[in-house]
Amino acid sequence: MTEAQVETKQFQAETRKVLDIVINSLYTERDIFVRELISNAADALEKYRHLSLVEKPEFDAHVPLEISIDCDDKKHTLTITDTGIGMTKEELETNLGTIAHSGSGHFLEELAEAAKKDVNLIGQFGVGFYSAFMAAKTVRVQTRSWDGSEGYEWESDGGGTYSIKPCEGLHRGTKIIIELKDDAHEYGTKFTLERIITQYSTFVPFPVKVEGKTVNTVQAIWTRSKSEITEEEYTEFYKFIGNAVDEPLYKLHFSADAPLAINTLLYVPQENFETLGMGRMQPGVNLYCQKVLIDQHSENILPEWLRFLKGVIDSEDLPLNISRQSLQDNALVMKLRRVITKRFIKFLAEEAGKDSEKYLQFWKTFGIFIKEGVTSDFEFQKDLGKLLRFESSAAEAGQMISLDEYVDRMKEGQDEIYYINGPSRTAIEYGPYVEMFKKREVEILYTLEPIDDFVLNHLGEYDGKKLVSADRADLRLPEVKTDADMESAEEQGEKLEAAQIEELCSFLKEVLGDRVKEVKSSDRLVDSPAMIVNVDGYMTSSMERIMQAQGGEGNLAMAGKKDLEINPASPLMKKIVGLKETKADFARDIAEQVFDNAMIQAGLLVDSQQMVSRSYRILEQIAGDE
Ligand code: ADP
Ligand code: MG
């Protein structure tokens, strides 16, 4: 070979940074680099196995699918060889010179952050190959593509550059030769390698040979019968398939023969990686057909909102030679997806029944995905209703109840399910909206997340009962007369007369102008003088809050129409009736302030500057009167 055939190239800038992070900050759990390289080898073998069914390649077709690991304790080298698809020269340059994720802006910051927190997160980032440099002085990659084109050798010391040159005499697949750093010589011993493989790579679906001896038992655990599998094996498999270190929170293993032949093993992890600042998760479930991997991290086999699941779905009914592209609109895939999703929802509902505390742990971590499902996935929306959990006026703080529990407790004559959103339980309980619920002893759900109103709005009804936000204008509670009801009616004393009420309402409407659609007398209020209610059936105050937050002030035009409902028994309201004749300006300020207070209790924005100057005017007036 001539010198001219050796090309030296720069790593892409992002790759250099990744290398830097990998080499400098990931010292602790170095073992994982072995796992990463074995998993790459296994991926390459899976790809070849699938491809050989679709394309029937001829080159090196007889070479068995396996991974060989060899080490030299004297020269301090480690070699990992696979007979997978291999790489062409172009593939070498893109796969081992650039980073696929670099397009997503925060990738590097997130990686650096994750590396500090937990080294196991790097697997999730797909920097797998580069982890070799944790232990390597130099890495050589000799590879030849399945298409039989010329073989190449890639080499780098993890600095700024790598070189590529032709390499003769290679079989199909990839050989990675690592020259170990002085403080990493242990990876050149059989003992250490066997230890790491039993720990991390037992479930690699191809023989893994160390110095010629197979060290794993190749088996597709999901095709075995449940009774034969131990909990340890289930957990080990979860760690393998999910690149995880923890134990799964839930596991569902089920098989069916009809209407579809399915073997499925699904896991719910302990952690929600999206809330750990890692951005949007990739799906974690692989699609197999008769133990052959068809689609890794499949986008199609489960709905998007189930992307937190890890595991395997295997169906013999799928054609083995199906291409990845055609999965998207394949009728059978859609049918599988429906059956499995329904089964998983049923599983969660059963688990919730068996152990509600554990389910609550699930709900706190992954409830957001269930909510996403309700708002985005029409197909399963109705089924998901039974998985929702909320705080409630009838439950203690911190406890959560299901819609089923609510329905079971509904009063006679009540045919709607009520909820109200607020920033906290206390804010809700001191606000005006729950007063009449308390009075009538009607249960009301507290939705503490802003997104909850979108969720319930999308759901529309549950068990044939409409879901209704308590800040709606047209709210009608069942006529349930309790003793408390009678008493408080007496306590409140005289209401204003009908004519006075009408006069007061038109005065307030005149003061508030377009900010409200109408000012009306309310029979819902007990202690509060007034409250904001929403006229547009679909819009609740919390939804408006989200839209304001997204669109800023300019979005106020999108605000829903509101009414101000006033309490004709409130002493303050009675006072305004008199004041508007004697001290008109003072009465106007009070009216404005009542409106702003009601807006704040609805969680909506007010002009704080105006409000402060107004309240000083009011205070001065009162101080002057004393
Ligand atoms: P990931 O495995 O998440 O894609 P890696 O950094 O581990 O990321 O590997 C980068 C890419 O390099 C892989 O996607 C694959 O295309 C290629 N690659 C790595 N190892 C091998 C191998 N043994 N055989 C074939 N291709 C490989
Ligand atoms: Mg990898």
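Predicted model: local features only at pLDDT ≥ 70, side-chain atom pairs only at ≥ 80, totals over all residues.
Residues are numbered from 1 along each chain as its sequence is written, and chains are lettered from A and ligands numbered from 1 in the order in which they are written.

**Salt bridges**

- There are 36 salt bridges in the structure, each one a side-chain nitrogen of Lys or Arg within 4 Å of a carboxyl oxygen of Asp or Glu.
- One of them pairs our opening residue, E274, with R307, at 2.7 Å from N to O.
- E274 sits in the loop between β11 (262–268) and β12 (284–289), and R307 in the loop between β13 (292–295) and β14 (310–314), so this pair ties together parts that are 33 residues apart in sequence. (Strands are DSSP runs of E with at least two residues, helices are runs of H or I with at least four, and both are numbered from the N terminus.)
- E581 and K580 form another salt bridge, at 3.0 Å from N to O. E581 is exposed, with a relative accessible area of 58%, whereas K580 is buried at 11%.
- Elsewhere, E7, K9, K89 and E93 belong to one network, joined by salt bridges that share partners.

**Around ligand 1**

- Eleven residues surround ligand 1, and the closest are N40, D82, N95, F129 and T174. To make the list, a residue needs a heavy atom within 4 Å of the ligand.
- D82 puts a polar side-chain atom 2.9 Å from a nitrogen atom of ligand 1. A polar contact is a pair of N or O atoms within 3.5 Å; within protein, one must be able to donate a hydrogen and the other to accept it, and neighbours in sequence count only if both atoms are side-chain atoms.
- N95 has a polar side-chain atom 3.0 Å from an oxygen atom of the ligand.
- F129 works through its backbone: an N or O atom there is 2.9 Å from an oxygen atom of ligand 1.
- Taken alone, ligand 1 exposes 530 Å², and the protein buries 78% of that. (Accessible areas come from the Shrake-Rupley method with a 1.4 Å probe; for residues, only the protein chains shown count as cover.)

**A buried arginine and a buried valine**

- R524 sits in the loop between β20 (518–521) and β21 (530–534). Is R524 buried or exposed? R524 is buried, because its relative accessible area is 3%.
- The side chain of R524 reaches two backbone oxygens: that of A470 at 2.6 Å, and that of R472, which lies 2.9 Å from a polar atom of the R524 side chain.
- V468 belongs to strand β19 (residues 465–469) and is buried, at 3% relative accessible area.
- V468 and D72 are 396 residues apart along the chain, and 71 Å separates their C-alpha atoms.

- A258 and P259 are joined by a cis peptide bond, with omega at about 0°. P259 sits in the loop between β10 (250–256) and β11.
- E211 isn't a glycine, yet its phi is positive, near 50°. Look for E211 in the loop between β8 (208–210) and β9 (213–214), where it is partly exposed at 38% relative accessibility.
- N243, another non-glycine, also has a positive phi near 50°. N243 lies in the loop between α7 (231–242) and β10, and is partly exposed at 23% relative accessible area.

Technical notes
Heavy atoms only, no water. Buried < 20%, exposed > 50% of the residue type's maximum accessible area, 1.4 Å probe, protein only.
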